[in-house]
Amino acid sequence: MGKMLVYDFTALRTARRLKGMKLQEVADILGVSAATVANIENGKVKGNVSRLLDLVKIYDLGPSDLFVDKIWN
């Protein structure tokens, strides 16, 4: 059985909601569309490192907050 860290897209959505922010608010800050932010949160579009770091700052997260342990056989 192995273990590795994987990116947890839902952490971004949860953090945004906890901050009381709408998709459009975050999109305006980043200079992208609300659909782009939604697609990042849904794992449909992989955010680039710069964009992920921007989201971490906006949501007051630590980079490690975006990862979870995944165990496989």
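## Terms and model

A residue is called buried under 20% relative accessible area, exposed over 50%, and partly exposed in between (1.4 Å probe, protein chains only). By that definition, both Arg 13 and Glu 41 are buried.

This is a predicted model, in which local features need pLDDT of at least 70, side-chain atom pairs count only at pLDDT 80 or more, and totals for chains, interfaces and linings use all residues. Residues are numbered from 1 along each chain as its sequence is written, and side-chain values use heavy atoms, with hydrogens and water left out.

## Salt bridges around Glu 41

The whole structure contains 3 salt bridges, a salt bridge being a side-chain nitrogen of Lys or Arg within 4 Å of a carboxyl oxygen of Asp or Glu. In one of them, Arg 13 pairs with Glu 41, with the closest N and O atoms 3.9 Å apart. Arg 13 belongs to helix α1 (residues 9-18) and Glu 41 to helix α3 (residues 34-41), so the partners are 28 residues apart and the pair links distant parts of the chain. Helices here are DSSP runs (H or I, at least four residues) and strands likewise (E, at least two), numbered from the N terminus.

Glu 41 also forms a salt bridge with Arg 16, at 2.7 Å from N to O. This pair again joins helix α3 to helix α1, across 25 residues. Glu 41 counts as buried because its relative accessibility is 3%, and Arg 16 counts as buried because its value is 7%.

## The Lys 19 to Asp 60 pair

A salt bridge at 2.6 Å, N to O, connects the side chains of Lys 19 and Asp 60. Lys 19 is in the loop between α1 and α2 (23-30), and Asp 60 is in the loop between α4 (49-58) and β2 (67-72), so the pair ties together parts that are 41 residues apart in sequence. Lys 19 is partly exposed, with a relative accessible area of 38%, whereas Asp 60 is exposed at 58%. Through shared partners, salt bridges join Arg 13, Arg 16 and Glu 41 into one network.

## Nonpolar core

A nonpolar core is a set of buried Ala, Val, Leu, Ile, Met, Phe, Trp, Tyr and Cys residues joined through side-chain atoms within 4.5 Å. The largest one has 17 residues, and those touching the most other members are Leu 12, Val 26, Leu 30, Val 37, Leu 55, Ile 58 and Tyr 59. At least two of its residues come from each of α1, α2, α3 and α4, and α4 gives the most, with 4 residues.

Neighbours within four places in sequence aside, Ile 58 is in contact (heavy atoms within 4.5 Å) with Lys 19, Met 21, Val 26, Ile 29 and Leu 30.
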